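User: Please examine the following model and answer some questions about its architecture.

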Amino acid sequence: MSEVLFLGTAGARYVVAKQLRASAGTLLKVENDLLLLDPGPGTLVYLAKYKIPLEKIKVIVLSHQHLDHSSDLNIIVDAITEGGFKKRGILYLPESALKEPVLLSYLHSYLVKIEILKAKTFYEALPFKFKTTCKLNHSVETYGFLFFLPENKVLGFLSDTGYFEELSEEFKEVQILVVNVVREKPLDGVLHLSIPDLKKLLQKMKPETVILTHFGMTMLKANPFKVAQNLSKELKIKIVAAYDGMKFVIT
Ligand SMILES: [Zn+2]
């Protein structure tokens, strides 16, 4: 059985800066291997706190280069490879993140492989199999992901984006959808999803479970647990709000 561990559930500048929620990204466990998605500030600390065996992290995936998704990448690469003594890990990231660069050049050779993410492309680093979505509507090159799990379920990660009509099509095959819902209400010019955006999306698709995460201040003030509960009732879909350290088991 596969597992998702939310090391952190913070999104947006203020919640990250004040660490009102941790910003340590998400771990996906398939069979006995780990994939780390979007290692933001504090990831190394929380991996230690939860006693995660670093050598089991086989894959690191960056949805985009923003600091709350990438700031701990360098130290994580150093840590999982024992300072480069054990060549380990495959890193997947958008080309713009590699060009930025989010990874210091001397760390490149520590990894087994660095692979550039492209839109709507299938990747395999067994036991992990995943596909990128189209380019999302964010201020930098950003992708969402569909993970194909051994339980014959598809787990979707909808990263930072403004709402657009094709989103439901991109994630139509998922049973479990993790959504970065930064804002309670939409704000013009902010390329993040809000609760009304999520409602629009869920009118066009019906996953078994939706997990909300990556909360900004307006979501924290609204209480993500209550928001999820109300949405569940209204839309008749199981919707939960992630919290730091939450484990979700897929059977
Ligand atoms: Zn972002």
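User: Is D160 buried or exposed?

Analyst: This is a predicted model, in which local features need pLDDT of at least 70, side-chain atom pairs count only at pLDDT 80 or more, and totals for chains, interfaces and linings use all residues. Residues are numbered from 1 along each chain as its sequence is written, and side-chain values use heavy atoms, with hydrogens and water left out. Buried means under 20% relative accessible area, exposed over 50%, and partly exposed in between (1.4 Å probe, protein chains only). D160 has 2% relative accessibility, and therefore counts as buried.

User: Which residues are the protein donors of the zinc ion?

Analyst: Donors are N, O and S atoms within 2.8 Å of the metal (3.2 Å for Na, K and Ca); water is not among the atoms, so sites may look incomplete. Along the chain the donors follow the spacing H-x1-H-x71-H-x21-D. Lying 2.2 to 2.4 Å from the zinc ion, they are H64 (NE2), H66 (ND1), H138 (NE2) and D160 (OD).

User: Which buried residues does helix α4 have?

Analyst: Helices (H or I, at least four residues) and strands (E, at least two) are DSSP runs, numbered from the N terminus. Helix α4 spans residues 73-80. Its buried residues are L73, N74, I76, V77 and I80.
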